[in-house]
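Dear colleague,

Here is the structure I said I would pass on to you. Please have the sequence and the coordinates open while you read the notes that follow.

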Amino acid sequence: MRIAVARETRPGETRVALVPELVGALTALGYDVVVEPGAGLGALAEDADYEAAGATVEDRAVEDADVVVSVQPLERATARRLASGSTTVSFLPAAQELDLVADLRDLRISSFAMELVPRISRAQSMDALSSQSLVAGYRCAVVAAGLLRRFLPLNMTAAGTVEPAQVVVLGAGVAGLQAIATAKRLGAVVRAYDVRPSSAEEIASMGARAIDLDLPPLEGSGGYAREMDEERARLQRELLAPHVAAADALITTAAVPGRTAPLLVTRAMVEAMAPGSVVVDLAADSGGNVEGSVPGELVRVGAAQVWGGRNVPAQMPQPASRLYAQNVVNLVALMTRPATADAPAALAPDLADEVLDAACVTHDGVVRHGPTRALLEGPSDGPPVGPSTGGAP
Ligand code: NAD
């Protein structure tokens, strides 16, 4: 069976879904690994590196593949070149990719979305949301440090004492905790706030101080945050305002799954920050935690510089690709029936497995992911029934 590594074509994507170091993990499972020419260049992996690791580099890698792995969803034109019955593994934000999902359904291509892998202990090694958030959180702290025109650590010298920088982090999930840890390592004084009650302990374990606003917690199912109502959002902003005003660097990473990012910081709050302050909004891509932030741009709000994140993991393509590739390899391994004396290894996803069941968007002509099916085909009560007869849009 052939696993193809697609060359990413979406603007700004520098990562690759498989790095040369992990080719051997797939060939050991019994797969042939085929790479589109130049697929790894954005992540500094040359075609020759893949060949040295045991892969082949072919123009028609994707067309002839049983499985295609990528970071971003395939373009519709590419998906239409795949063989019926083949499988894709990628990030697949289905609600934003409905036409592609309909194509995959109608072409009878099985698709697995990395962001739908459940956040359970058994699936941690396949959790690409976590691995990429780790990269993004680190990057945010380093960007803030780079933009600040001052020391982060305390410096006591013969010429006098330089006070450490004050960093405030809002949202202490995977990315926020990594931003906290990185800013701490650089010597800043770090305070952080999150709506989940368990976050205070996690913030403290990183050596930072949790900000207590004395507001009711907002924990939903699965350890995620719930959306705030407008009154709580207003109160939270009011109580956070003095902490934001006192920060030299503000890093925001707050998100609620399936929703646009909550607005935590208004323009007036940023305008109250001192000259030279820096704001890094990781959520700029998904609506923004900070009013006025622009994805992919550094803008001025009041006297502060505001950096809006856009596909932040792709700004560190080497480690982001290495971690993502390991997530992909682990998911593919879970789908693989090992070789026996009578039969070679094969891709045989057991959709009764809760990880594969949750991650599978399309299979055998049906959209299995309920919310996406409802968006495409209208609400229905039961599980998907039989292949769709509709043509690709
Ligand atoms: P996320 O990216 O959805 O959100 C980031 C953070 O923003 C979260 O901590 C959330 O509580 C916070 N937030 C939301 N609204 C906020 C607001 N109004 N103000 C301040 N903060 C706000 O979350 P994530 O980083 O992917 O993960 C969050 C949770 O999931 C954590 O509890 C984490 O430990 C857990 N998790 C579990 C696993 C696992 O078990 N395999 C893996 C990853 C994450």
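By class, the residues that line the second largest cavity are 8 nonpolar, with no polar and no charged ones (Ala, Val, Leu, Ile, Met, Phe, Trp, Tyr, Cys and Pro count as nonpolar, Asp, Glu, Lys and Arg as charged, and the others, Gly among them, as polar). That lining is made up of Ala141, Ala144, Leu148, Leu152, Val167, Ala183, Ala249 and Ile251, and H5 and strand S12 (249-252) each supply at least two of its residues.

Before going further, please note that this is a predicted model, in which local features need pLDDT of at least 70 and side-chain atom pairs count only at pLDDT 80 or more, while totals for chains, interfaces and linings use all residues. Residues are numbered from 1 along each chain as its sequence is written, and side-chain values use heavy atoms, with hydrogens and water left out.

As for the terms, a 1 Å grid is laid over the protein atoms alone, and a cavity is a set of points where a 1.4 Å probe fits but cannot get out, whereas a pocket is an open set with protein on both sides within 12 Å along at least five of seven lines; lining residues have an atom within 4 Å of a point. Points are joined across faces, edges and corners, and a volume is the space filled by probe spheres set on them. Helices (H or I, at least four residues) and strands (E, at least two) are DSSP runs numbered from the N terminus.

The largest has a volume of about 40 Å³, and its lining, to which strand S5 (87-90) and helix H4 (98-106) each give at least two residues, comprises 5 nonpolar, 3 polar and no charged residues.

Helix H5 (residues 128-147) also packs against helix H10 (residues 317-335), at an angle of about 170° and with the axes 9 Å apart (axes are lines fitted to C-alpha atoms, for helices over the stretch in contact, and angles run from 0 to 180 degrees between N-to-C directions). H5 and H10 are therefore roughly antiparallel, a label for angles over 145 degrees. In their contact (heavy atoms within 4.5 Å), Ala128, Ser131, Gln132, Leu134 and Val135 of H5 meet Ala320, Leu323, Tyr324 and Asn327 of H10, which divide into 6 nonpolar, 3 polar and no charged residues.

With best wishes

Technical notes: Parallel < 35°, antiparallel > 145°, perpendicular 65-115°, else oblique.
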